[in-house]
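Visitor: Hi! I'm new to this one. Could you walk me through it?

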Amino acid sequence: MKIRVGFGFDVHALQAGRDFWLGGIKLDAGKGAVGHSDADVLIHAICDALLGAANLRDIGFHFQNTDERWKGKDSKYFLKEVTKMLSDKDWKIENVDCTIALEKPKVNPHIQEMKNVLAPLMNITVDDVSIKATTNEKLGYVGRGDGINAYAVALISKV
Ligand SMILES: [Zn+2]
C-alpha cells in the first residue's frame with residue numbers, strides 16, 4: 001500500500017456584516033470571512049491538504065478566484081470535487097486533522113456539527129475527521145479579530 005500525507009493552510013480576513021461560513025456550517029458571529037467564494041477557510045485548508053497529498057496542485061489552481069462560477073460558491077462543492085479528483089486517481093482518504101485559529105466566536109460548541117457535515121463529503125467516517133480550535137492569544141491579525149487561519153493535514157492511501 002502506498003500512503004501519502006498532505007498539508008494545507010488558508011487565511012481569510014474577517015469583516016462585519018459578512019456571513020461566516022466555517023467547516024461547512026454558518027456561524028452566528030456578526031462578522032464573517034471575506035473571499036471570492038463563501039470564504040470557508042477550514043474547507044479550503046482541507047482541500048489543499050488533500051490536493052497536496054495527491055500532488056494535484058492547490059485549490060486556487062482548480063477553482064480560480066477570478067472565475068465568476070465560484071463567486072459566493074458553497075465551499076462544500078469544492079471539497080466534494082477534490083474528493084472526486086482523488087478517487088479518480090484511486091486515492092482513498094484515510095483521515096484529516098485540522099486546527100482553526102480564531103479569537104471569537106468560540107467554535108468548540110460547533111465542532112461536532114462541522115465533522116458531521118464534512119465527513120460524508122470526503123466519503124469518510126466522522127471518526128476520521130479531527131477539528132481542533134485555538135485562539136491566537138490576542139496576538140497579530142488573528143488575535144485582533146481581523147482574520148482567521150486554518151491548518152489541515154490529510155493522509156491518503158492507494159492499494
Ligand atoms: Zn480560502
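Guide: Happy to. One term before we start: two strands pair if DSSP finds at least two bridges between them, and strands (E, at least two residues) and helices (H or I, at least four) are DSSP runs numbered from the N terminus. This is a predicted model, in which local features need pLDDT of at least 70, side-chain atom pairs count only at pLDDT 80 or more, and totals for chains, interfaces and linings use all residues. Residues are numbered from 1 along each chain as its sequence is written, and side-chain values use heavy atoms, with hydrogens and water left out.

Visitor: Okay, which residue in β6 is the bridge partner of Thr-99?

Guide: Lys-132. Strands β5 and β6 (residues 129–134) are parallel, with six bridges.

Visitor: And how many bridges join β5 to β7?

Guide: Nine, between β5 (residues 92–101) and β7 (residues 147–158), and that pair is antiparallel. Ala-101 sits opposite Asn-149 of β7 there.

Visitor: Switching topic: which protein donors hold the zinc ion?

Guide: Asp-10 (OD), His-12 (NE2) and His-44 (ND1), at 2.0 to 2.1 Å. Donors are N, O and S atoms within 2.8 Å of the metal (3.2 Å for Na, K and Ca); water is not among the atoms, so sites may look incomplete.

Visitor: Are Asp-10 and His-12 buried or exposed?

Guide: Both are buried, meaning under 20% relative accessible area, where exposed is over 50% and partly exposed is in between (1.4 Å probe, protein chains only).

Visitor: How are the zinc donors spaced along the chain?

Guide: They follow D-x1-H-x31-H.
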